Amino acid sequence: MKALMFGWEFPPHILGGLGTASYGLTKGMWQNGDMDITFVIPKPWGDEPKEFANIIGANSTPVAWRDVNWDYVQSRIGNVMDPQMYFNLRDHIYGDFNYMSTNDLGCIEFSGRYPDNLLEEINNYSIVAGVIARTVDCDVIHSHDWLTYPAGIHAKQVTGKPLVIHVHATDFDRSRGNVNPTVFSIEKDGMNNADHIITVSNLTRRTVIEKYGINPDKVTTVHNAVEPLNEELLNLEAPPGKTSKVITFLGRITMQKGPEYFVEAAAQVLHKVNNAQFVMAGSGDMMDKMIRLAAKRNIADRFHFTGFLKGKQVYEMLAASDVYIMPSVSEPFGISPLEAMQMGVPSIISKQSGCAEILDNVIKTDYWDINAMADAIYSIIKYPAMYNELREQGLAEVAQITWDKAGAKVIKIYRDLINR
Amino acid sequence: MKAICFYFQIHQPFRLKHYRFFDIGNDHYYYDDFADDDIITRIAQRSYLPANEMLLDMIREHGKKFKVAFSISGTALEQLEQYVPEFVDSMKELAATGCVEFLSETYAHSLSSLYDPDEFALQVKAHDEKIFQLFGQRPKVFRNTELIYDDDIASMVYALGFKAAITADAKHVLGWRSPNFLYSSASAPKLKLLLKNGKLSDDISFRFSNPEWASYPLTADKYINWINELPQEEQLINLFMNYDAFGELQPRESGIFEFMRALPRFAAEHDIQFWTPSEVVSKFKPVAELAVPYPMSWTDEARDTSAWLGNTLQQEAVRKLYSIGERVRLCRDRRIKQDWNYLQASDHFFYMSTKHNDDGSVHSHYSPYDSPYTAFTNYMNVLSDFMTRVEEQYPTSIDNEELNSLLLTIRNQEQEIEKLHREVEMMRNNIVNDTTGDFPIDENVPAPAEEEKPAPEPEPKKKAPAKKPAAKKAPAKKAEPKKPAAKKAPAKKAEPKKPAAKKAPAKK
């Protein structure tokens, strides 16, 4: 079966959970066999893994005819994709886009990030999608998150193939209710045009049904999963000389992640326990406020801010942690507790997180219930059996949450659509 | 001829209230009285009371032919006495018919049989005493918490003087053997074993009202026929279940009460009798010995102890609890003793189970907590506080042996003092009765018994006359008031001595 996927991020150059999830799912589907996946991203860097998906860069897809030879194309974009693909795509230019700013290859430039002119990039991306859809043969079109919905719709109109959209988050999660009308209309348009909608949790599924008014029959939940960690990361050890227990919050310090509840819970625990340190790793618009709050609660000596962590630093932080906590106010899925569990760190998550639906061996509290959160922290750092049980059971549980299972579910959805 | 042996279990734990880590060291009351009251009252109204009424009617209707056995845990009795006293009265009424046997168990429905033999013996005695006080019976047959049984437990039970024990029919122990015989223990061959017939028991207590069950609806006629059709030599059918099967697990409208009422009539048609465990033991001979090296129980699919000790949380909690057992037994503080009992209830560990299959749903059905981890956290917070209190009584800086020897010294001295006082009294009486004046009185009153006879003759003779007048006047006035004084004295003396002895090592 051939699938044409539109995504915005792909490892190793990722900005958030979207890239990790897109990658995992693609690989998981490939593991099920008999899948030929073409994955479109705005700006590939050339070091993306290519063994299980054919990667096309939107910034190397011509929308205007340029008379260039094979060697020139090879020298310009050879590291990203096969030059032959460029010529195939060039044969399917469907309109005159010379009025747009294009480069020497007739391609539109993309930042591949979330720039201020994001809406313009989204629009350009859908123009490019028209060329790709005309070139690449596919059975199903699959769009990851709202940025790529317009591209998916365009491809559907061109090919007449069924469109699946994958809701990794909605604007209701990101904005805590203050929805951006433009974003909402793009999301709503995508959902209306989709033949099927995949959500990453039942929580998101309810949002899609209730807030966007979508027919429940059309919405299926496929929970995210995690890639097994490699040996190097698993063997990371806590720094020597560590004497106190470390409780870690890891993520963007924004309203959505509920950082203030973490500070309040920390204040309660530190009231009773001496040998504990709390770490808030990450950055965000609420960071200064949190620093002030920690000072106000008089716990600043044992409450630390690390700033933004990336790549291996994240795992080093987890290796040094005794408790991981994610008090998110609204989390469509939340992959980071699964990563903490992979590192053997007992996790506390809010019941308002999508991943709470599939995890048993974690502690779940309401995000506002700082008492329950403090109780759980205290119990894990005070009672070794609690720590060990959560650690061992958590490791065993998370090892079962694999992408190939999620991939199989998506493939089944494809089949049902094609055979309909 | 066949015999049905009915046995019902009644147990309720004292549930813990939400106990936060801030409460450790500040709040020493651990129980959720509201939940206990609510639950036991509800179950009693829906199940225990109507079921008792049913049994009473059946016994009256069928004379002495219908008999059952009960085991009621000490904690359940306490709650029933407090919240549903009418149930205790109704139970007394049942006991008075002579058709009801009460079984022995651990007072707190505890796991002490697996961890603490001393505690086990004490609890069994405490429970039997309670049963005797309430119902005037001394239990002769033992059943352990949730029918937990293995060879070691058999030896302990036999040593406590029981002639039989009740246990489960775990497949991994029985194998091809049928539970419908009387067995004896491999480790204590004189201890007889009654095994639960799991299939027929669960037909009543779990499947009775399930419309998806192939044999639904179950009638008394059909049920007795099943029993009658069992092979001729299988004469003993042990039906063991929770008492709340009547009215709670199987609701009243399922017809469970009518089913029970009809049983004796159909049983009589096939010459099937109803016996108590004691009767069974006296009338049947054991067919074989049963070796049970690892503990089994009647709970969960595995029929072992994994429901309470299956994960590290549970093991840790139980270990911590029994690590202070010896200390607690040294304590005399009544509230500590009481908390110690309540904290041992196996239910607390049952709530901590992390099983996720069908068993898991049973665990979460009974659990007042939303997750096993919360159950553990709450229990450990309470236990931490409890351990601090025990610690305050006897600091851990003194090891158990030292503490034991100190306490032993105190106790010995106490006994010594009492003994000597008795002697003084006896001698005083002797003096009073001794009109001849031959009997010598020693100045040194608290002398050891040996010195009494070979007392030197000449000296006392000299003293004796001197004292005589006083002694002679005394008999009417002094001898009598002295008795109570003598009794009080040891108590008074002993009390202040204890703290002194305790403080001394603490300072070191």
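Mentor: Two strands count as paired if DSSP finds at least two bridges between them, and strands (E, at least two residues) and helices (H or I, at least four) are themselves DSSP runs, numbered from the N terminus. This is a predicted model, in which local features need pLDDT of at least 70 and side-chain atom pairs count only at pLDDT 80 or more, while totals for chains, interfaces and linings use all residues. Residues are numbered from 1 along each chain as its sequence is written, and chains are lettered from A and ligands numbered from 1 in the order in which they are written.

Let us take strand β1 of chain B, which covers residues 2-10. Of its 9 residues, 8 are buried (20 or more other C-beta atoms, placed from the backbone, within 10 Å of their own), so β1(B) is largely enclosed by the rest of the structure.

Now follow its partners one by one. With strand β8 (residues 236-242) of chain B, β1(B) runs parallel and is joined by 7 bridges, and here Y7(B) stands opposite F240(B). Strand β2 (residues 68-72) of chain B also pairs with β1(B) in the parallel sense, over 5 bridges, and in this pairing you can find Q9(B) opposite S71(B). Strand β11 (residues 272-274) of chain B is joined to β1(B) by 3 bridges, again running parallel, and I4(B) faces F274(B) across that pairing.

For contrast, look at another group in chain B, where 5 strands form an open sheet with mixed pairing, in the order β4-β5-β7-β6-β12. Its edges are β4 (141-143) and β12 (288-290) of chain B, each with a single partner strand, so one side of each is left without a neighbour in the sheet. The partner you can trace for β12(B) is strand β6 (residues 182-185) of chain B, which pairs with β12(B) in the parallel sense over 3 bridges, with S185(B) opposite L290(B).

To return to where we started, β1(B) has parallel pairings with β8(B), β2(B) and β11(B).

How values were computed:
Buried ≥ 20, exposed ≤ 12 C-beta atoms within 10 Å, placed from the backbone.
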